[in-house]
Amino acid sequence: MSSDAHPTFVKICGLTREADVLDSVAAGANAIGFVMYPPSARYVAPERAGQLAKLLPSDVTPVLLFVNASLEEVEAACLAVPNALLQFHGDESPFECDRLAQAVQRPYWRAARIPTDNTASFDLVKFCQDYSNAQAILLDAHVDGYGGGGKTFNWSQLPPNVNAHLVLSGGLTPANVTDGIRQLRPKALSLAVDVSSGVELEGHKGLKDARKIQEFVAAVKAADAIE
């Protein structure tokens with residue numbers, strides 16, 4: 001696959017500071033994620049997300065991450081961040097995802113929590129069928145809580161062909177994202193990558209490291225350069 005024709009879409013998630021938003025944009029990120037889940041250390045209120053989203057150029061997509069949110073919470077966040085993509089990361093059913101997305105007229109991604117235990121099974125093909133209205137299926141490691149655990153799952157356990165657009169997440173870093181793209185790109189209709197903890201300052205959830213962001217995007221471009 002030629003990188004010029006199909007560059008990998010890059011999302012940097014869990015941003016809380018203006019400098020991190022600007023650094024992500026400067027590095028070449030395609031999307032910026034804001035966590036709308038109050039228990040998370042990366043949580044930002046809708047008003048704060050709106051302030052940060054105003055720093056984004058028109059070609060960078062804001063993404064609002066929800067965990068079992070109410071319609072009122074989704075509506076409030078979408079009002080604060082116009083044109084945002086939704087990302088459902090909790091226990092939302094296909095019906096609930098569709099209901100919430102239709103109410104605010106936004107496309108959505110659905111997170112699939114892949115077991116890190118190689119003996120546990122997860123039917124990704126069925127999951128993608130169940131959530132067929134999702135714009136993409138995000139693959140994250142199943143950890144305590146919801147996402148941002150910095151853990152990977154066994155990429156080789158995924159089926160060889162998935163009829164969906166996939167977003168690889170879960171423990172990605174500048175060191176492993178190139179290999180992740182090479183392994184998963186052939187399996188999906190298209191592949192994006194999503195990073196949070198892998199580009200953070202050591203021991204500081206929600207605070208990003210500009211150098212790590214630059215290295216991550218460079219590693220993605222390196223993967224795209226491989227035929």
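**Close-up 1. Helix H6 and its buried residues.** In this predicted model, helix H6 spans residues 177–184, and its buried residues are Val177, Thr178, Gly180, Ile181 and Leu184. These residues sit on the same side of H6, because the arc they cover around the axis is only 165°. And what lies over them?

**Close-up 2. Strand E2, residue by residue.** Here we look at E2 (residues 31–35), a mostly covered strand with 5 of its 5 residues buried. Ala31, Gly33 and Val35 point one way, while Ile32 and Phe34 point the other way, and all are buried.

**Close-up 3. E2 and its partner strands.** Take strand E1 (residues 9–13) to begin with: it runs parallel to E2, and 3 bridges join the two. Look for cysteine 13, which stands opposite glycine 33 of E2. To get from E2 to E3, the chain goes through helix H2 (residues 46–53), making a right-handed β-α-β crossover.

**Close-up 4. Aspartate 98 in helix H4.** Which helix holds aspartate 98? That's H4, residues 94–104. Aspartate 98 is buried but has no salt bridge. Arginine 110, the nearest side chain of opposite charge, is 9.2 Å away. Leaving out residues up to four places away in sequence, aspartate 98 touches Tyr108 and Asn133.

Definitions and conventions. Residues are numbered from 1 along each chain as its sequence is written. This is a predicted model: local features need pLDDT of at least 70, side-chain atom pairs count only at pLDDT 80 or more; totals for chains, interfaces and linings use all residues. Side-chain values use heavy atoms; hydrogens and water are left out. Buried means under 20% relative accessible area, exposed over 50%, partly exposed in between (1.4 Å probe, protein chains only). Helices (H or I, at least four residues) and strands (E, at least two) are DSSP runs, numbered from the N terminus. The arc is that of the directions from the helix axis to the C-beta atoms. Lys and Arg count as positive and Asp and Glu as negative; His and the chain ends are not counted. A salt bridge is a side-chain nitrogen of Lys or Arg within 4 Å of a carboxyl oxygen of Asp or Glu. Contact means heavy atoms within 4.5 Å. Two strands pair if DSSP finds at least two bridges between them. A crossover is right-handed if, with the strands pointing away from the viewer, the path from the first strand over the helix to the second runs clockwise.
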